[in-house]
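I opened my notebook to look up a few things about this chain. Come along and check each entry against the picture.

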Amino acid sequence: MSMSTSERRTSPRIRFEHPVPTQLMAIDGTWRRECTMEDVSEEGAKLTVGSSIEGLQLKEFFLVLSSVGLAYRRCKLAWVHGDQIGVTFLKRGKKARAARDETIV
């Protein structure tokens, strides 16, 4: 593994010599997509997706890090560039606070 940084990033990125097999999964489990993790930081990751993500609900989803689903991170889509996407990891409780803020008018 080697360290890779960019002026926009606030935490160091770890780039894998061999991409790590992972999966994207809907919060409700209705869809999954095979992908590989190219690099990761405390705040997010860069992934290469094996099939189309068009039409999927990517406001919030899981990045499944183990084959049995016991290790995962809650994410949101940050960017798309061809077959590569950037994801931002969501902190615990962030969605609940955001949902409350959206419903109060």
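**Entry 1: aromatic rings.** I began with ring pairs and found that the count comes to 1 aromatic pair. The rule I used takes rings of Phe, Tyr and Trp (its six-membered ring) as a pair if their centres lie within 6.5 Å, and calls planes under 30 degrees apart stacked, over 60 edge-to-face and the rest tilted. How are the rings of Phe62 and Tyr72 placed? Their centres are 5.0 Å apart and their planes stand at 75 degrees, so I wrote the pair down as edge-to-face. I then looked up where the partners sit: Phe62 is in strand β5 (residues 61-64) and Tyr72 in strand β6 (residues 72-81), 10 residues apart, so the pair links distant parts of the chain. My strands and helices are DSSP runs numbered from the N terminus, where helices are H or I with at least four residues and strands are E with at least two.

A note on what I was reading: this is a predicted model, in which local features need pLDDT of at least 70 and side-chain atom pairs count only at pLDDT 80 or more, while totals for chains, interfaces and linings use all residues. Residues are numbered from 1 along each chain as its sequence is written, and side-chain values use heavy atoms, with hydrogens and water left out.

Phe62 has a relative accessible area of 12%, so I put it down as buried. Tyr72 has 47%, so I put it down as partly exposed. The words have cut-offs: buried means under 20% relative accessible area, exposed over 50%, and partly exposed in between (1.4 Å probe, protein chains only).

**Entry 2: a charge over a ring.** I found Arg73 over the face of Phe89, at 4.3 Å from the ring centre. To count, NZ of Lys or CZ of Arg must be within 6 Å of the ring centre and within 35 degrees of the ring normal.

**Entry 3: salt bridges.** How many salt bridges does the structure hold? I noted 2, with a salt bridge being a side-chain nitrogen of Lys or Arg within 4 Å of a carboxyl oxygen of Asp or Glu.

One joins the side chains of Asp39 and Arg13 at 2.6 Å, N to O. Asp39 belongs to strand β3 (residues 32-40) and Arg13 to strand β2 (residues 13-26), 26 residues apart, so this pair links distant parts of the chain. I marked both Asp39 and Arg13 as buried.

Another joins Glu60 and Arg74, whose closest N and O atoms are 2.1 Å apart. Glu60 is in the loop between β4 (44-49) and β5, and Arg74 is in strand β6, 14 residues away.

**Entry 4: two loop residues.** I looked up Ser11, which lies in the loop between β1 (2-4) and β2. Ser11 is buried, with a relative accessible area of 13%. Not counting residues up to four places away in sequence, Ser11 touches Ser41, Glu42 and Glu43; contact here means heavy atoms within 4.5 Å.

Then I turned to Gly82, in the loop between β6 and β7 (84-89). Gly82 counts as exposed, at 70% relative accessibility.

**Entry 5: the core.** Which residues have the most contacts inside the largest nonpolar core? They are Leu24, Leu47, Leu63 and Val87, in a core of 19 residues. The elements giving two or more residues to this core are β2, β3, β4, β5 and β7. A nonpolar core is a set of buried Ala, Val, Leu, Ile, Met, Phe, Trp, Tyr and Cys residues joined through side-chain atoms within 4.5 Å.

I followed Val87 and, leaving aside neighbours within four places in sequence, listed its contacts, among them Leu47, Phe61 and Cys75. Phe61 lies in strand β5 and is buried, with a relative accessible area of 0%.

**Entry 6: the whole chain.** I counted 1 helix and 7 strands, in the pattern β-β-β-β-β-β-β-α along the sequence. Of the 105 residues, 32% count as buried.
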